[in-house]
Amino acid sequence: MSNVDWGVVARIVHVLAVVVWIGGVSFVTTIILPAMRKKQPQQWLREFDAVERRFAPQARITVLLVLLSGLYMLYRYDLWDRFADARYWWMHLMVAVWLLFAALLFVLEPLVVHRVIDRGASIAPEATLRLMLRLHGVMLALALLAILAGVAGAHGLF
Ligand code: HEM
């Protein structure tokens, strides 16, 4: 094992975790949420909740793996000073996207998200679903941009 390149192992973990995590976000955004539009509020709330409860632990684990593998690559290749250089804007973007999702998964989701959705769905179900779709769309677009920029940046396109 002494000749294993742990930097490459971390990169594999980073990319696999991103695939599972953002793949799940994409599935929820482009398949699950649009399918809910045809259902009654009480039914879509129950079904969305069931999907969300199964996805949340998976997302939390993969988000942590992305952080750990990313930090390891920063340490292994000594890339810290990239954060002081605007040419590495794609590194800032990766961290910003990570912070956004981490805040959502570890702080907002357990504390307020369910309450806000339940309340919104009882007052204005269609508007609530539309808002959820829009927010998921924005988050998916940011994540895809971070992936695009991450691969392009790491392989010298910028
Ligand atoms: C705290 C969060 C993160 C840290 C510290 C981090 C760190 C890193 C580092 C150091 C690299 C290697 C750069 C290089 O080889 O020049 C990298 C690559 C990459 N990261 Fe991140 N990252 C983070 C979050 C994310 C997020 C949220 C995404 C996507 C949603 C992402 C997607 C990628 C991709 C696609 C690559 C390129 C892999 C390759 O093609 O070799 N990262 N990241």
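Trainee: What pattern does the chain follow along the sequence?
Mentor: Reading along, you get α-α-α-α. This is a predicted model, by the way.

Trainee: What does the C-alpha trace span along its principal axes?
Mentor: About 55 × 35 × 25 Å.

Trainee: And what share of the residues is buried?
Mentor: Of the 158 residues, 35% are buried.

Trainee: What about contacts? How much comes from residues 24 or more positions apart?
Mentor: Take the contacts with a separation of 6 or more. Such residues account for 78% of them.

Trainee: Which residues make the nonpolar surface patch?
Mentor: L64, F106, V107, L108, L111, V112 and V116. The patch covers about 580 Å².

Trainee: Which helix gives the largest share of it?
Mentor: Helix α3, residues 89–123, with six residues.

Trainee: Pick L108. Where is that one found?
Mentor: L108 is found in helix α3. Its relative accessibility is 38%, so L108 counts as partly exposed.

Trainee: Now charges. How far apart are the mean positions of the positive and negative ones?
Mentor: They are 7 Å apart, for 15 positive and 10 negative charges.

Trainee: I keep looking at E52. Where does it lie?
Mentor: E52 lies in helix α2, residues 41–76.

Trainee: Is E52 buried or exposed?
Mentor: Buried, yet E52 has no salt bridge.

Trainee: What is E52 in contact with, leaving aside neighbours within four places in sequence?
Mentor: E109 and H114.

Trainee: Last topic, backbone. What is phi of D78?
Mentor: Phi of D78 is near 50 degrees. That is a positive value in a residue other than glycine.

Trainee: Why point that out?
Mentor: Because most residues other than glycine have a negative phi.

Trainee: Where is D78 found?
Mentor: D78 is found in the loop between α2 and α3.

Trainee: Buried or exposed, that D78?
Mentor: Exposed, because the relative accessible area of D78 is 56%, and the cut-off for exposed is over 50%.

Definitions and conventions
Residues are numbered from 1 along each chain as its sequence is written. This is a predicted model: local features need pLDDT of at least 70, side-chain atom pairs count only at pLDDT 80 or more; totals for chains, interfaces and linings use all residues. Side-chain values use heavy atoms; hydrogens and water are left out. Helices (H or I, at least four residues) and strands (E, at least two) are DSSP runs, numbered from the N terminus. Buried means under 20% relative accessible area, exposed over 50%, partly exposed in between (1.4 Å probe, protein chains only). Contact means heavy atoms within 4.5 Å. Lys and Arg count as positive and Asp and Glu as negative; His and the chain ends are not counted. The place of a charge is taken as NZ of Lys, CZ of Arg, CG of Asp or CD of Glu. Patches are made of residues with over 30% relative accessible area and no salt bridge: like charges are joined within 9 Å, nonpolar side chains (Val, Leu, Ile, Met, Phe, Trp, Tyr) within 5 Å. Accessible areas come from the Shrake-Rupley method with a 1.4 Å probe; for residues, only the protein chains shown count as cover. A salt bridge is a side-chain nitrogen of Lys or Arg within 4 Å of a carboxyl oxygen of Asp or Glu.
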